[in-house]
Amino acid sequence: MIRKDLFKEYVVREEEYSHAPYLPELEFYAYIKAGNVKKVHEFCSEPLHLKKGLGVLSDNKLQHFKYHFVVTAALIARYCIEGGMALPTAYSLSDFYIKKVDKCHAPEDVSRLHDIMCEDYATRMAELLNSEIKSRHIVTTVDYIYDHLNQVIKVSDIADICGISQAHLSRQFKKETGYSVSEYAMKIKINTAANMLEYSSLSISQIASQFAFSSQSHFAECFKQYKGTTPSSYRHDMQGKMKLN
């Protein structure tokens with residue numbers, strides 16, 4: 001009886017359920033899988049909460065966008081696994097962002113987090129596909145860095161996991177990536193922090209704390225070294241460009 005009632009309700013409301021075009025959606029996931037950060041950024045120029053043609057998944061507006069976010073997270077993880085991303089990394093990222101969206105209080109917050117997640121996956125795929133990294137120890141090191149961005153990253157901890165000496169890991173990492181472990185970790189932290197400055201409403205001090213910088217001034221110093229500008233100037237410039245678009 002319940003199943004019949006549900007079917008009748010669906011038939012009555014069927015015309016209300018419109019969905020985004022299938023091919024552009026596949027194209028979007030393909031760009032993430034290919035690590036095309038520029039194209040992903042272009043696709044994200046229209047905020048999730050303003051997109052037309054999204055199927056209605058809940059009468060509660062906020063819950064509706066959260067459900068779409070979860071579906072997107074699951075699909076992106078699968079596409080990236082097909083593209084070569086390690087399964088634990090892809091699903092850990094998905095779990096991380098789904099937990100984050102659960103704490104969002106407005107559709108706009110869901111949209112910002114959606115863009116951060118998509119560009120995060122795309123950036124990681126670009127790193128993976130463009131890298132000449134071959135060694136198992138170096139792959140382990142890179143995965144460790146991405147999984148511990150909110151901590152102070154120590155070569156000794158990674159060397160213990162790899163079962164090799166710090167000196168050997170440092171030499172091998174520099175040879176295969178062109179960076180020291182600390183330089184590579186800082187580059188990833190700063191790039192991720194830049195995304196958060198652009199798309200999230202977190203304060204600069206909160207972002208500094210998120211990436212385990214000793215202080216906001218230390219974060220600003222490192223950010224300027226890598227980006228050529230301060231975090232506050234970067235946020236102001238990027239948000240100004242978004243308004244122009």
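These legends describe close-up views of a predicted model.

View 1. Helix α12 covers residues 216–227. Its twelve residues should span 16 Å at 1.5 Å a residue, and the end C-alpha atoms are 16 Å apart, which agrees. The buried residues of α12 are Phe219, Cys222 and Phe223. They cover an arc of only 100 degrees around the axis, so they lie on the same side of α12. In an α-helix there are 3.6 residues a turn, so residues three or four places apart point the same way. Ser217, Glu221 and Gln225 are exposed on the other side of α12. After α12 comes Gly228, with a positive phi near 75 degrees.

View 2. The structure holds ten aromatic pairs. In the pair of Phe28 and Phe43, the ring centres are 5.6 Å apart and the planes are at 35 degrees, so the pair counts as tilted. Phe28 is in helix α2 (residues 22–33) and Phe43 in helix α3 (residues 37–43), so the pair ties together parts 15 residues apart in sequence. Phe28 counts as buried because its relative accessibility is 10%, while Phe43, at 27%, counts as partly exposed. Phe28, Tyr29, Tyr31, Phe43 and Tyr79 form one aromatic cluster.

**View 3. An edge-to-face aromatic pair.** Phe223 and Tyr234 pair edge-to-face, at 5.4 Å centre to centre with 75 degrees between the planes. The pair links helix α12, which holds Phe223, to helix α13 (residues 231–244), which holds Tyr234. Phe223 is buried at 0% relative accessibility, and Tyr234 is buried with a relative accessible area of 14%.

**View 4. A nonpolar surface patch.** Leu57, Tyr67 and Val71 make a patch of about 260 Å². Tyr67 is in helix α4 (residues 61–82) and counts as partly exposed, at 38% relative accessibility.

Technical notes
Residues are numbered from 1 along each chain as its sequence is written. This is a predicted model: local features need pLDDT of at least 70, side-chain atom pairs count only at pLDDT 80 or more; totals for chains, interfaces and linings use all residues. Side-chain values use heavy atoms; hydrogens and water are left out. Patches are made of residues with over 30% relative accessible area and no salt bridge: like charges are joined within 9 Å, nonpolar side chains (Val, Leu, Ile, Met, Phe, Trp, Tyr) within 5 Å. Accessible areas come from the Shrake-Rupley method with a 1.4 Å probe; for residues, only the protein chains shown count as cover. A salt bridge is a side-chain nitrogen of Lys or Arg within 4 Å of a carboxyl oxygen of Asp or Glu. Helices (H or I, at least four residues) and strands (E, at least two) are DSSP runs, numbered from the N terminus. Buried means under 20% relative accessible area, exposed over 50%, partly exposed in between (1.4 Å probe, protein chains only). The expected span of a helix is 1.5 Å times one less than its number of residues. The arc is that of the directions from the helix axis to the C-beta atoms. Rings of Phe, Tyr and Trp (its six-membered ring) pair if their centres lie within 6.5 Å; planes under 30 degrees apart count as stacked, over 60 as edge-to-face and the rest as tilted.
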